[in-house]
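Hi everyone, thanks for coming.

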Amino acid sequence: LGSAAVLQRVQQSWAMQVLFPWVSASVTPTPTLPEVAALDSAYLSGITEGERDVWRRFVRWGVPVDRAAAWLQRATGGATLGERLAMIGTGHVVLIALAWVLVAYAPRSLRRTVTYAQARVVVLMAKIAYFILVELALFPALCGYCMASSLGPVLQPALWAGGGWPWARIVVYWMVGLGFMIHFARFVLYCRQVLRPGVLWFIRDPNDPEFHPMREILEDRMVPQQYKIGRSAIMYCTIIAACVLVPAHMAARVAPEGMLPITWAGLGDDSLPPHLYAWVAFLLPLAVAWGKPFAVAQAVFNRWWRVAARVARLSEFMLGDRDVMDEGRWAMPAAPWLPSCVARLCAPTDAIRTAFAEFRYLDLARAGPVEWALPTREYRDHLQAAIDRALVGSSVVFVLDGSNLRVPAIDTVPVVAGRRMLVPIDEHGRPVSTRHDYEAADHPDIRASGLIDPALLPAPAPESSYRDQRFKREDHTVVYAPPGLRLRLGMFIGLGWIAIAVVGVAVLMLALAVGPWVCRRVNMDDPTSNVFALGVGMLCVVISCALAVRVAELVAVIANAGGEGNAAALIRGGRRAWTAFWKLSVVCAAFLGAVPLAYSLVIEVYVVVVVRRILESPEVPLGRGLVTAMVRNWMFSLMHVWIAHSVLRFFSDWRISRELERMFTGAPHQWHVWRAVWVFAVPVILASLTIAAVPFALAAAMLWRYDQLTATSFARIVALDDIALLAFASKTFLLLCVTSAAVWRACLLYKRWTRLARDRVYLVGQ
């Protein structure tokens, strides 16, 4: 038998069909359309007329039961990979269903048997696999699909196609959705840093020490978990619709004609070289890391959140900063019909803040039973009187309003179904309604005191094996809530959404306007694609914003400087900046330029040339110029440099890691740059050049041996036009190195073995 026949027989064996269905499916012919039609007619002819009538009704309602039945009938033969996987999945579903029935309805006498224990293990494994599939596959794919649907006016649909692979679109959806979920998690982390602790109680905190997702999956019931999954899906879709869909349509409305949607023609003959895209993909993260636009945006949005909270009178409720100006409204007795915002324009706010700072009484509901604490009503009466005294002679008055609410004080507060998190309280700090007195419901000593009717109390918190869900007073706090709280919360969220949408649309429009202009200036305009122009525009926007921030900081320092001492400090700061600049330039030139460039020669000679020689054929020539090869290999070598740096940082106890940390400790102007270049960069560059030059030397020696060495022939080898002899020299040197290393290692192992054997012989009886 020939090798092809043996391989075909092995692939068609029953063991390969069971263990590796995709291997056997690759050699099984797929049924043609006439064969499929024959299968359908043969299967459908076996049903009765009544069943046909029922099937017609289902088909008329839009349920393709006939196609599903025919497909399942074909799948029993396992003609293709999809059909085999479908049969395997059907078997798993049936097995899990039988195990669930056994676990759910088994009598007590059978619950100590091995069969019951195995069925329970199967059910638990199925639950874990189901939630992992939902969280890591379905959720990201759903978010990616929503992102693709929302970005329709901005991105060309061809960007989501992913080539001709049937599953490429789903993979692209999954990757985009996963990126959205990661960035949304970062945004939630940023919100936790800005907002008051306890505001985001409805989003689980991964840093919660009592958060055990695996135990929840294994111990909680399936139906409540399905409700949580559904609510999470609705939340994600709503967020995408609000934060992506609406801004995308806004951008499409305000964009000039021809700017949107963003198009990409692929890497064809009429497009830009791929290394230009690689350059942008490399420089953009460096610009972001240097310019820190996210830190600048965070500082700007921090101020915006405070302005939005002040406008909505939610400074204490959202940010935790109490401001007496939020606890009332302004009015003009002479013109009561004027809105409060107009009366505030001529209001003496400093007088109100001064009166509040000098006010000595405390709110009993907030501070508890301490000295100078009064019930809320008396406290407000005394505070109102102090404010009226401060506004004597003014044309406006300040009227206190609103109420107190008991809210969560931490984001990890236990969430019990059916319980309110925002509870109105009375002037003594107790819930207004007895059905919201969760402290009395969860603590038997309070419930048995007789002060509260137990029939009016809510149900106690359910018991959990992994978390204490009872009410704890230290997990809650009291804050001020203005009238119309829901409307003001909507106003606060709307102001935040407007800021994010406006900034996002403005940055996108600016990048799409600057990018093509820069490309036309340097004669790199790509008429079939503006993805490259968008990348160039984003790069220019990031660098410009970073420079503007640096200039503003320098101007602020100069404006605040005064006297000889500050002038000298300013001069020293300029010197440090210049020193940091040239040291950073040297580091970038050495470790991001020379080292990857020298290492790229090794990659080209020992990897790319050998692979090209193996794959190249007269029908498919693989041309590769020297400049293009070096640029692409340099981009690939940068990744290796980054990996090496990450490994050295991880293994910090290594000698080379300690030396690297010592040379680059402190600010950039304190780095030992020249020593680092001499210790690290120069040896790597010399070693790379030496190793890369060996195959060229071997090729030249072989040409000289047969009297074929000329300037033209050697130039063709150096320019990578004639790679046959160079590939042979590279493989020869690699084989020689591997053989030498193997022999050296074998000799070393032999020496260690003989030493160990000698020690065991001579030290017997010591």
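Predicted model: local features only at pLDDT ≥ 70, side-chain atom pairs only at ≥ 80, totals over all residues.

Let's begin with Val 407, whose bridge partner in S7 is Thr 477. Residues are numbered from 1 along each chain as its sequence is written, and side-chain values use heavy atoms, with hydrogens and water left out.

When I say helix or strand, I mean a DSSP run (H or I, at least four residues, for helices; E, at least two, for strands), numbered from the N terminus. Two strands pair if DSSP finds at least two bridges between them.

Leu 405, for example, has Pro 424 as its bridge partner in S6. Put together, the three strands make an open, antiparallel sheet in the order S6-S5-S7. S6 (423–424) and S7 (476–481) are at the edges with a single partner strand each, so one side of each has no neighbour in the sheet.

Is S7 enclosed or open to the outside? Five of its six residues are buried, so S7 is largely enclosed by the rest of the structure. Buried here means under 20% relative accessible area, exposed means over 50%, and partly exposed is in between, with a 1.4 Å probe and protein chains only.

Now to the nonpolar cores, which are sets of buried Ala, Val, Leu, Ile, Met, Phe, Trp, Tyr and Cys residues joined through side-chain atoms within 4.5 Å. Which residues touch the most other members of the largest one? Those are Leu 260, Phe 492 and Met 509, in a core of 55 residues. Several elements supply at least two residues each to this core, including S5, S7 and helix H21 (485–521). Beyond its neighbours within four places in sequence, Phe 492 has contacts (heavy atoms within 4.5 Å) with residues including Leu 195, Trp 305 and Met 318.

Next, salt bridges: a side-chain nitrogen of Lys or Arg within 4 Å of a carboxyl oxygen of Asp or Glu. The whole structure has 16 of them. One joins Asp 411 to Arg 192, with the closest N and O atoms 3.0 Å apart. Asp 411 sits in the loop between S5 and S6 and Arg 192 in helix H9, 219 residues apart. Both Asp 411 and Arg 192 are buried.

Another salt bridge joins Asp 442 and Arg 419, at 2.7 Å from N to O. Here Asp 442 belongs to helix H19 (residues 438–442), and Arg 419 to the loop between S5 and S6. Asp 442 is buried, with a relative accessible area of 6%, and Arg 419 is buried at 16%. There is also a network of salt bridges linking Glu 316, Arg 322, Glu 327, Asp 363 and Arg 366.
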